[in-house]
Amino acid sequence: MSDSEFEASFPPLFTGLEVSSTIDPFAKACSQAALGCDSGLIAYNLAANRLAAAIVFSPEVALADSMAMLPVCGIGFQNALGALAPPEVSVHLDWTGGIFVNGASCGELKASASSTDEKAVPDWLVVGLTVPILLPDSERPGADPGRTCLFEEGCADISPTGLLESWSRHTLVWINRWHEDGLEPVHREWRGLARGLGEEISMDWHGERLDGKFLGVDEQFNMLLRTGARTRLLKLCGLLTGGSAL
């Protein structure tokens with residue numbers, strides 16, 4: 001299969017940068033951002049068995065507010081897959097960035113920024129996406145019911161290129177909604193997709209195992225987690241790659 005079969009096209013404001021199979025597009029996007037590339041660059045590495053891509057943003061607000069791009073990109077992915085997949089396929093978003101298809105883990109979103117100072121406006125913010133189309137040859141389908149791939153969930157006709165293009169289009173729609181209408185529509189859409197909202201959850205948080213009830217999020221998408229008689233606020237900035245608990 002030639003590289004040209006994976007050539008993608010993107011909507012206005014986005015430009016593509018295809019990288020070879022040996023290069024991590026998330027790391028490439030971060031390095032390009034550090035060198036001063038334009039906002040909207042999408043570094044991507046596509047193969048028949050998975051989609052890997054990352055978008056560079058140039059925030060105009062403090063990191064604590066600009067981290068909303070992580071759930072925005074998650075909503076964009078859910079809308080993208082929803083437009084391409086059979087109607088019975090369900091997609092939910094974990095607060096930490098995990099993607100769940102029909103209840104099983106199926107990829108993730110992650111973020112990195114030029115600074116971890118939540119009060120400062122970062123020079124750049126990168127959101128990465130990784131989604132398995134097929135399971136590795138070493139994994140037998142169904143061996144781990146907690147993990148899946150798009151092929152096993154009835155999405156055999158979805159190409160990595162088509163999904164990437166759809167993700168970029170739907171993410172742009174939600175970026176525009178945010179700019180025009182504020183975060184309220186984003187919050188409303190995300191709450192309908194959030195995994196574990198209102199339920200008892202268990203999660204790892206910077207080396208600490210937390211068990212509690214996921215009460216919801218505040219305006220900046222920071223998690224409210226009730227553990228016993230205490231309600232903890234987990235900062236979304238704490239999910240940054242290389243970040244620390246805030």
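**A predicted model in questions and answers**

Modeller: Gly212 has a relative accessibility of 4% and therefore counts as buried. The model is a predicted one. The position of Gly212 is in strand S9, which covers residues 208-217.

Colleague: Which residues are in contact with Gly212, leaving aside its neighbours within four places in sequence?

Modeller: Gly212 is a residue of strand S9, and its relative accessibility of 4% puts it among the buried residues. Once neighbours within four places in sequence are set aside, its contacts are Glu199, Glu200, Ile201, Leu225, Arg226 and Thr227.

Colleague: How far apart in space are Gly212 and Asn49, C-alpha to C-alpha?

Modeller: In sequence, 163 residues separate Gly212 from Asn49. In space, the C-alpha to C-alpha distance between Gly212 and Asn49 is 36 Å.

Colleague: Against which elements do the buried residues of H5 pack?

Modeller: Helix H5 spans residues 184-191, and its buried residues are Pro185, Val186, His187 and Trp190. These buried residues pack against helix H3 (69-84), strand S4 (91-93), H4 and S9.

Colleague: Why can the buried residues of H1 be said to line one face of the helix?

Modeller: In helix H1, residues 25-34, the buried positions are Pro25, Phe26, Ala29, Cys30 and Ala33. Seen down the axis of H1, these buried residues line one face of the helix because they fall within an arc of 140°.

Colleague: Is Ser112 buried or exposed?

Modeller: Leaving aside neighbours within four places in sequence, Ser112 is in contact with residues including Trp124, Leu125, Val126, Leu240 and Thr241. A residue under 20% relative accessible area counts as buried. At 10% relative accessibility, Ser112 is therefore buried.

Colleague: What is the relative accessible area of Gly154?

Modeller: Gly154 lies in the loop between S7 and helix H4 (160-181). Gly154 is partly exposed, its relative accessible area being 45%.

Colleague: What is the value of phi of Leu13?

Modeller: Most residues other than glycine have a negative phi. Leu13 is in the segment before strand S1 (15-18) and counts as exposed at 66% relative accessibility. Its phi is positive, near 85°.

Colleague: What is the value of phi of Asn102?

Modeller: Asn102 is located in the loop between strand S5 (98-101) and S6, where it is partly exposed with a relative accessible area of 35%. As a residue other than glycine with a positive phi, Asn102 has a value near 50°.

Colleague: What is the radius of gyration of the chain?

Modeller: The chain has 5 helices and 11 strands. For 246 residues the globule rule gives 18 Å, and the chain comes close to this, so it is as compact as a globular protein of that length. The radius of gyration of the chain is 18 Å.

Colleague: Of contacts in the chain between residues at least 6 apart in sequence, what percentage join residues at least 24 apart?

Modeller: Buried residues make up 50% of the 246 residues in the chain. Among contacts between residues at least 6 apart in sequence, the share joining residues at least 24 apart is 62%.

How values were computed. Residues are numbered from 1 along each chain as its sequence is written. This is a predicted model: local features need pLDDT of at least 70, side-chain atom pairs count only at pLDDT 80 or more; totals for chains, interfaces and linings use all residues. Side-chain values use heavy atoms; hydrogens and water are left out. Helices (H or I, at least four residues) and strands (E, at least two) are DSSP runs, numbered from the N terminus. The radius of gyration is taken over C-alpha atoms; the globule rule is 2.2 Å times the number of residues to the power 0.38. Buried means under 20% relative accessible area, exposed over 50%, partly exposed in between (1.4 Å probe, protein chains only). Contact means heavy atoms within 4.5 Å. The arc is that of the directions from the helix axis to the C-beta atoms.
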